[in-house]
Amino acid sequence: MFKRMSILEKRPGDEQAFFSRYWEERHGPLVARLPFIRAYVQNHVEQQYEPSSFRVGGIVELQFDDASAMDEAFSAEGSKAVIADEANFLGNAAGYIIGDSTVRMAGELGKLVVLLSHDDRRAGTKEFETAVRQLPGFVQFIRDDVASTITRPGSAQPGQQVDSFFHIYFDGTADADRAGPKVARMADTFKLGVFRMRTTRIV
């Protein structure tokens, strides 16, 4: 399955609670009406661990049969309503093409999403993954490397540079919350952002 991800930033001055509520209850159903979507998962930020090099209100995971299906979905008539609604809750955003990858079903309470920008200097990422797998309560590690970036049409600023997304699952919220600060301090050779998520499957 073909996977696309997006980083969504809330508008300056908006509370995270407003952003999450609007995204899930109002905007999510508009996206769900687009054709050809096989899976649509919203990752809502519950906790950000410092230090962090990224601005994130939420992270989208979308899955399609292939790249052509994705292009058709975002050029369909319903995409006009999606774009028009973005001004009601969204600051900046950017899409990231992953390619062939999985989307784990939502509902877990112990998920971290880690964003890395390593400028093609991948030294240390394997050691980073090995260290994460050894944390108490670790369950699963999914790595999504970015193939290309899609800048939001009409955006005055480019999307944030991300080279890899790591989806890290733990037994529950407590294990993820204990792991978050440790993960945030692990990398010293690349930019890093670590977020504990609440996941919601829309499609």
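Among contacts in the protein between residues at least 6 apart in sequence, what percentage join residues at least 24 apart? The share is 83%, where a contact means heavy atoms within 4.5 Å. The model is predicted, so local features need pLDDT of at least 70 and side-chain atom pairs count only at pLDDT 80 or more, whereas totals for chains, interfaces and linings use all residues. Residues are numbered from 1 along each chain as its sequence is written, and side-chain values use heavy atoms, with hydrogens and water left out.

**Overall form**

- The protein has five helices and nine strands, these being DSSP runs numbered from the N terminus (H or I with at least four residues for helices, E with at least two for strands), and along the sequence they follow the pattern β-α-β-β-α-α-β-β-α-β-β-β-α-β.
- A compact globule of 203 residues would have a radius of gyration near 17 Å, and the 16 Å of the protein agrees with this; the radius is taken over C-alpha atoms, and the globule rule is 2.2 Å times the number of residues to the power 0.38.
- The C-alpha trace spans about 45 × 35 × 30 Å along its principal axes.
- Of the 203 residues, 52% count as buried, a class defined by under 20% relative accessible area, with exposed being over 50% and partly exposed in between (1.4 Å probe, protein chains only).

**Helix α5**

- Helix α5 covers residues 173-184, 12 residues in total, and reaches 16 Å from its first C-alpha to its last, close to the 16 Å expected at 1.5 Å a residue, where the expected span is 1.5 Å times one less than the number of residues.
- Buried in α5 are Asp175, Ala176, Ala179, Gly180, Val183 and Ala184; they cover an arc of only 140 degrees around the axis, which puts them on the same side of α5, the arc being that of the directions from the helix axis to the C-beta atoms.
- These buried residues pack against β2 (39-49), β5 (111-117), α4 (125-133), β8 (164-170) and β9 (191-201).

- β5 and β8 pair in the antiparallel sense over six bridges, pairing being assigned if DSSP finds at least two bridges between two strands, and the bridge partner of Leu116 in β8 is Ser164.
- β5 and β9 also run antiparallel and are joined by seven bridges, with Leu115 standing opposite Gly193 in β9.
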